[in-house]
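Student: I have a model open and want to go through its side-chain packing and its ligand site. Can we take it topic by topic?

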Amino acid sequence: TERTLSIIKPDATRRNLTGKINAKFEDAGLRIVAQKRIQLTIAQAGEFYAVHKERPFFGELTEFMASEPVVVQVLEGEGAIAKNREVMGATNPADAAPGTIRAEFAESVGENSVHGSDAPETAAQEIAFFFSGLELV
Ligand code: ATP
Ligand code: MG
């Protein structure tokens, strides 16, 4: 079975939406196999989102991700990467399908409640960024 890295972003942790978001993952058949609440530094957020460093929103994105605690988690299931992205909905909540996390909870294209890995290689990298082997069973 596949694993993917998910982050519940500061706009969602601030509004106590962790449980509602986790219920959507679990209802979709995704198992939460690791989870912790952390606060990133701006430098760590920049390292995590290095792929976006030339984008105009990079500063806004890294400041937002470091602004308050986040919940980082590993989700497991058949086709977990694609399934998670389906449950999240489109990046911009205005384009997100009804019932998706971003349609229901996201505040804007930047403050969009969740992150999910986009491919097997990035999922492996992103899981290793936050979790050690001992934390993953
Ligand atoms: P994520 O990588 O967070 O799961 P995604 O893959 O849907 O989201 P990306 O294109 O990888 O979207 O963008 C990463 C994040 O950068 C988005 O989730 C959002 O928080 C932020 N972002 C993307 N586009 C914009 C924008 N135009 N303005 C502000 N922030 C943006
Ligand atoms: Mg992405």
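**Aromatic packing and ligand site**

Tutor: Phe 48 and Phe 130 are both buried, where buried means under 20% relative accessible area, exposed over 50% and partly exposed in between, with a 1.4 Å probe and protein chains only. This is a predicted model, in which local features need pLDDT of at least 70 and side-chain atom pairs pLDDT 80 or more, while totals for chains, interfaces and linings use all residues. Residues are numbered from 1 along each chain as its sequence is written, chains are lettered from A and ligands numbered from 1 in the order written, and side-chain values use heavy atoms, without hydrogens and water.

Student: How many aromatic pairs are there in the whole structure?

Tutor: The search finds four. Rings of Phe, Tyr and Trp (its six-membered ring) pair if their centres lie within 6.5 Å; planes under 30 degrees apart count as stacked, over 60 as edge-to-face and the rest as tilted. Phe 48 and Tyr 49 make an edge-to-face pair, with 5.0 Å between centres and 80° between planes.

Student: And what about the rings of Phe 48 and Phe 130?

Tutor: That pair is tilted, because the planes are at 45°, with the centres 5.4 Å apart. Phe 48 is in helix α3 (residues 42-48) and Phe 130 in helix α7 (residues 120-130), so the pair ties together parts 82 residues apart in sequence. Helices (H or I, at least four residues) and strands (E, at least two) are DSSP runs, numbered from the N terminus.

Student: Which residues form the aromatic cluster?

Tutor: Phe 48, Tyr 49, Phe 129 and Phe 130 form one cluster. Separately, the charged end of Lys 36 sits over the ring of Phe 131, 4.6 Å from its centre; the criterion is NZ of Lys or CZ of Arg within 6 Å of the ring centre and within 35 degrees of the ring normal.

Student: Switching to helices. Which residues of α2 are buried?

Tutor: In α2 (residues 18-27) they are Ile 21, Asn 22, Lys 24 and Phe 25. Seen down the axis, these buried residues fall within an arc of 155°, so they line one face of α2. The arc is that of the directions from the helix axis to the C-beta atoms.

Student: What does the face turned away carry?

Tutor: Exposed Lys 20 and Asp 27. After α2 comes Gly 29, with a positive phi near 90°.

Student: Now ligand 1. How many residues surround it?

Tutor: There are 15, and the closest are Lys 9, Thr 91, Gly 110, Asn 112 and Gly 116; a residue counts if one of its heavy atoms lies within 4 Å.

Student: Which side chain lies 3.1 Å from an oxygen atom of ligand 1?

Tutor: His 52, through a polar side-chain atom. A side-chain N or O atom of Arg 85 is 3.2 Å from a ligand 1 oxygen, and a backbone N or O atom of Gly 116 lies 2.9 Å from one. Taken alone, ligand 1 exposes 580 Å², and the protein buries 81% of that; areas come from the Shrake-Rupley method with a 1.4 Å probe, and for residues only the protein chains shown count as cover.

Student: One last thing: is Ser 117 buried or exposed?

Tutor: Buried, at 0% relative accessible area. Ser 117 lies in the loop between β4 (114-116) and α7, and its side chain makes a 2.7 Å polar contact with that of Glu 126. A polar contact is a pair of N or O atoms within 3.5 Å; within protein, one must be able to donate a hydrogen and the other to accept it, and residues adjacent in sequence count only if both atoms are side-chain atoms.
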